[in-house]
Amino acid sequence: MGRTVYLAEKPNMGQLIAAALAKRDRITVPKARNGKIESQNWSVCWLAGHAYTLLDAKDYKEEWDQPWGRLPLPLIPDELTFKPIEGDFIEGCRKAAKSAISQADTVVIATDAGQEGQIIAEIFLEQIGWKGNTLRLWSSVANLTEITRALDTVKPNNDMKYQGLKLSGLARMKGDWLIGINFTVAYTNIARKAGYDFIASAGRVQSACLAICVDHDAMVDQFKSSSYYEVEALLATETGESVKAKLDIPEHLLHDGKHCIDDGALNQIIQACNGQPAEVVGCSQSEQSYKPPTPFNLTTLCMSLSRNFNITAGEVMSLYQEMYESGWLSYTRTDDTYYEDDQYDKINELFRMLRNLDPEFTPLVDGADLSVKPAVFDSSKIAEHSANSPTLSRPKWETMGSKSKDIYRTVAKQMIAQFYPSYTTSTLQLRIAIGSHTFSAKGMTVVSPGWTQVIPKAADDPDAPPIPLLEKGSQLTLVSIEKSSKKTRAPARMTEAKILGIMENASEYLASEQTRKRLGANATLGTAATRPNVVELLVAKRKYLSRDAKGIIQPTQMGKRVRALLPPELSTPDLSALWEINFKSIRQGRADPDEFLRKIQSWVNNQVQLAKTRTIKPNPLSYPCPTCQNPMARKTKEKRVYWACIDTDCKTYLPDYQGKPLDPLPNDGTLCPECNTPFKTRLRNLDKLSLQERRKVKDARFLVCEGGHYPVSNSQKGN
């Protein structure tokens, strides 16, 4: 029997796989040595996430290794290739894994069960030249029981499920490289020529998200509130119960179809209604039933945690991943919203664990009806991974941080809620005639709280208070009738929950009507695995967006400038949504990834040619370089402010003087008659002078040569 090597994504998963193999073989788990764990018949090695990355542009051609302003765009390599990621730890992992695999007959890919895990392993194996038999271990749960079970169900890696993930993942990675490098260089150059000193980082997902956030913020800022009026009547039933009803304002008085600004007309209606009898002329009652909320995928989980606990998407990704690797939660980066069938088979065991884990779970588990299998437990509806869910492994609750507990509770409650009945309400609507005018009243009664006993309703979705159950023809007494002035309100500011929701369904933001018709409600930006990272990229790394303590997201000045540079093709979700359709076809074997990339190369070439013709308004705070006339940018280094030419080959630097580059005095550059070296403009050090002495200095500039001589006419020499 040949030797088998299991390639894990990270060290802790490698140790778990080794424990499962030892359990299967009924041996003691061997100790890890030199980055791998080995028994007589198998080895387990690991990486640390990605071990290779695509080459930088400068790595392909010598002429691409120069300042951005001189790069011959577009940058389209004949073939996009990879290089090792630098770092002692990852280099040690690569060396150990390569050594183990060199002695193998079979390699089992045991990286995370998803597209990212697939390409991590595929790229590594390709780079080390592995050509042998390759299998795939696939598990959405990282605990000993599930990994042991997964060992018995490894499949050939050439299965379309796995190769589809590989091909679509590589197409995504390479396509994003082509767009990212070419657009970033092109639009950074445009900005620099106009005197701006920033990197205009671009990408099909991040740029569309940035544009949506900037445009939304501008809409809020430009919103002008206006006054409008409503009329409300307070009525009493024959038994003394109160009913509040709003006037159905006649359509001809609604200036925008929604609001009435004619207070005079409403005053006349109020006068006409005073003293008039009131009667119920219409009555309808309906019952609404709302099923438990859909199980979480990563995007909806991040939205919920942002909204309810102000936990950022980056924090969710990090803390959830830790709990996944500890075996407490199922796979992190899922797009699916169904649970596996066999999860229902173990639900009694899981709920017993939850009941004893935290007192908050006890009444919720006790109230669950486990006798009926909810429809969300359906393996046939799962494309890759089950929805986010707790596993049978008991967390170390006592040592968990508060945010980790909030994440765990949120995931667990979503599963518990599936075993509660629907939330049911009864809505009563009345139409009431007062004289010749009609008023409406609406009330709601909760028939069954159902799953809201587990997950309270959102605060921004209040229930209408109940009203008395009246029949048509019931008589009422008008107690009072009043007009109230209200103000239209601007849309709410962007939040992390909202931008993640837009990324999950961006149909409303599509620019092309044709694309909207084609995609319907399936226009997505990114994937569940990438969306939180995109938000963090824009906020934490690029600094194009800011996030305050309440989770409000707003663009920075730099973000607004970058957005102004973006072409329509990158500032809407259309491109990304259409890409996702292509990726799905590639995963299913219905599209050629090479043909997809050829089309991207042609499109990038056309867009870069258009970008070369673009200009933007010059930066009013920029000044021309005295050497090459390119713009100079104001910079700060260790509290020292200076100006630098944006052309890195020019290497012209000037001190900052009164908020602009130091302007040379008239005789700058003339030769000193004493030592024959040129006079240069220098600044007097005012920090050493008293406040009174500083006020006497009208111009801190003076001329001095290398020999320390001053021109005879220099009235402002440094003495």
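User: Which hand does the crossing of H1 and H4 have?
Analyst: The crossing of H1 and H4 is right-handed. Keep in mind that this is a predicted model.

User: At what angle do H1 and H4 pack, and how far apart are their axes?
Analyst: Helix H1, residues 11–25, packs against helix H4, residues 144–151, at about 65°. The axes are 9 Å apart. The angle makes H1 roughly perpendicular to H4.

User: Which residues make the contact?
Analyst: On H1, they are Met13, Leu16, Ile17, Ala19, Ala20, Leu21 and Lys23. H4 contributes Leu144, Ile147, Thr148 and Leu151. By class, nine residues in this contact are nonpolar, one is polar and one is charged.

User: Switching topic. How many residues are in the largest nonpolar core?
Analyst: That core has 151 residues. Phe351, Leu354 and Tyr408 have the most contacts inside it.

User: Which helix gives the most to it?
Analyst: Helix H5, residues 160–193, gives the most to this core, with 11 residues.

User: And what is tyrosine 408 in contact with?
Analyst: Leaving aside neighbours within four places in sequence, tyrosine 408 is in contact with Met323, Trp328, Leu329, Met353, Leu354, Leu357, Phe361, Pro390, Thr391, Pro395, Trp397 and Met400.

User: What does the second, separate core include?
Analyst: The second core has 29 residues, including Leu254, Cys260, Ile270 and Ile467.

User: What about H14, how many of its residues are buried?
Analyst: Seven of the nine residues of helix H14, residues 496–504, are buried, so H14 is largely enclosed by the rest of the structure. The buried ones are Glu496, Ala497, Ile499, Leu500, Gly501, Ile502 and Met503.

User: One last residue. Where is alanine 48?
Analyst: Alanine 48 is in the loop between strand E4 (42–46) and strand E5 (52–54).

User: Why does alanine 48 count as partly exposed?
Analyst: Its relative accessibility is 33%. Partly exposed is the class between buried, under 20%, and exposed, over 50%, so alanine 48 falls in it.

User: What does alanine 48 touch?
Analyst: Not counting residues up to four places away in sequence, alanine 48 touches Glu9, Phe89 and Ile90.

User: And how far is alanine 48 from asparagine 533?
Analyst: Alanine 48 and asparagine 533 are 485 residues apart in sequence, and in space they are 18 Å apart, C-alpha to C-alpha.

Notes
Residues numbered from 1 in each chain as written. Predicted model: local features only at pLDDT ≥ 70, side-chain atom pairs only at ≥ 80, totals over all residues. Heavy atoms only, no water. Core = buried A, V, L, I, M, F, W, Y, C linked by side-chain atoms within 4.5 Å. Buried < 20%, exposed > 50% of the residue type's maximum accessible area, 1.4 Å probe, protein only. Helix = DSSP H or I, 4+ residues; strand = E, 2+ residues; numbered from the N terminus. Contact = heavy atoms within 4.5 Å. Axes fitted to C-alpha atoms, helices over the stretch in contact; angles between N-to-C directions. Parallel < 35°, antiparallel > 145°, perpendicular 65-115°, else oblique. Left-handed = near helix turned anticlockwise from the far one by under 90°. Nonpolar A, V, L, I, M, F, W, Y, C, P; charged D, E, K, R; others polar.
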